[in-house]
Amino acid sequence: MRVVALLLFFLLLLPGAALAEGFSGYAELKGIGYSERSPGDPYAAGWGTLFGKWEERLAESQLTASLRAEWLTSPQTSPLVFDPADRKLRRPPLSIPELWLRVPLASSHDLELGRFQLGWGKTDGYSPADAFLPRDLTDPFADEKLPLWGVRASGQEENLRYQAVLVPVTTPWRIPPLGSRNAPIASGALPQGTVLREADDAPPLPGFAALRLLATHGDWDLGVWARTGVRPAPILRFTINPALQDGPVPVVTVTRRYPREHAAGVEVSRVAGSYVLRGELAALFSGDAELGDAVIATLSLERGFGDGTLLVTLAGNAIDPPVDPTLLFDRGALPALIVAWNRTEEWGAWKAVWDCGLERGDGILKGEVAYNVTDTWKVTVGGDLPYGSRQGALGALHDARRLVAAVRRSW
């Protein structure tokens, strides 16, 4: 903690001109205040981040690398261990978000190798094309995708675009400590005072492969995609070991397993004046009895307002999951209505999001305002308000309602 604090202090004082060309990043201090205090969770938490990114041209190729150091008061990070593929149970204090090399193969065709972000859907909506991608729910409201180690080939020929991805190593979803306010999974279904003992079991090594094809015809954009491999979102298994029951409070061991899943989907979008209309349909298949199959469809409408965008998304699953959908993570809030509005102003930016689960009436309201004090200093304030039934994926986060304030110095 002291080391990270000293680094943050040093970089806050460092003039931007002293940094090498091609190097960028930021130092951020964030304070979080909660409306309630649940057992083991304080009213306030702190989060410090130091992030650096380096980009360099190597002849016709491009090398990108980044390093992140963090300090969290709650939930705690893991000990300082070597975890380059994010396969450990908790968020590491040191991580490598990016380390990839882009090599041009021919005109309009590229090959990327290393650790990179992958996303095929809209940032503030829901897309079955990338809903399976691993996420870090240490902060359950951040919607942070985890980077992947893999190989990606992409290119374009006239109006046809493609992207092929091979990820040889599984990077699993990272969830907060079970039973905490940030991950209240199964806490209401267990006897009062139950102790959840999480096993840091190793996910399977093989990852997944995916292919996406897109074509443009006039105002229409058409696409198809397919993927197969290990599903990064775990299925939780709760067991009671008699050898661990040494008192009146039951001790439940939680392990994770990762079934294989296959999926294919189609997407279509059309520009209609100032609107973009988009629809997706995906079929997901699995032989696992708890995961089951799914047919997920989304409809969305997007409109630009100057330097802002309003996005409305309706998503649902035509097949009822064999278990409580909350335990499946990426399908937990379906069916859902998502409304996201963000805008850039002369003084900064603001964002408002309403995510509503339509089955149980739970949801979350999010708001954020960022003010640019200078070109390098920014202050952000915001809040997250989960509401509704505690049986829903979003309403279950009722105790995590919070206000957030952050100061960031970029270079």
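Which element gives the largest share of the nonpolar patch?

A: In this predicted model, the largest share of the nonpolar patch comes from strand β22, which supplies 3 residues. The patch lies on the surface and is formed by Leu29, Trp347, Val369, Tyr371, Val373, Trp377, Val379, Val381 and Val407, which together have about 730 Å² of accessible area. Two elements give two or more residues to the patch, namely β21, spanning 363–372, and β22, spanning 377–387.

The largest nonpolar core has 22 residues, of which Leu118, Trp120, Tyr126 and Phe208 touch the most other members. The elements that contribute two or more residues to this core are β9 (160–167), β11 (208–217), β16 (275–285), β17 (294–305) and β19 (336–344). Apart from this core lies another one, of 12 residues, including Ala183, Ala233, Leu236 and Phe329.

Ser66 lies in strand β3, which covers residues 61–72, and because its relative accessibility is 5%, under the 20% limit, Ser66 counts as buried. Leaving aside residues up to four places away in sequence, Ser66 touches Phe51, Gly52, Lys53, Ser95, Ile96, Pro97 and Glu98.

As for the whole, the protein chain contains 1 helix and 23 strands. Its radius of gyration is 22 Å, close to the 22 Å that the globule rule gives for 411 residues, so the chain is as compact as a globular protein of that length. The C-alpha trace spans about 70 × 55 × 40 Å along its principal axes. Of the 411 residues, 44% are buried, and among contacts with a separation of 6 or more, 59% are between residues 24 or more positions apart. The protein chain exposes about 20,000 Å², with carbon and sulfur atoms supplying 62% of that area.

Terms used. Residues numbered from 1 in each chain as written. Predicted model: local features only at pLDDT ≥ 70, side-chain atom pairs only at ≥ 80, totals over all residues. Heavy atoms only, no water. Patch = residues over 30% accessible without salt bridge, like charges linked within 9 Å, V, L, I, M, F, W, Y side chains within 5 Å. Areas by Shrake-Rupley, 256 points an atom, 1.4 Å probe, with all protein chains shown as cover. Salt bridge = Lys/Arg side-chain N within 4 Å of Asp/Glu carboxyl O. Helix = DSSP H or I, 4+ residues; strand = E, 2+ residues; numbered from the N terminus. Core = buried A, V, L, I, M, F, W, Y, C linked by side-chain atoms within 4.5 Å. Buried < 20%, exposed > 50% of the residue type's maximum accessible area, 1.4 Å probe, protein only. Contact = heavy atoms within 4.5 Å. Rg over C-alpha atoms; globule rule 2.2 N^0.38 Å.
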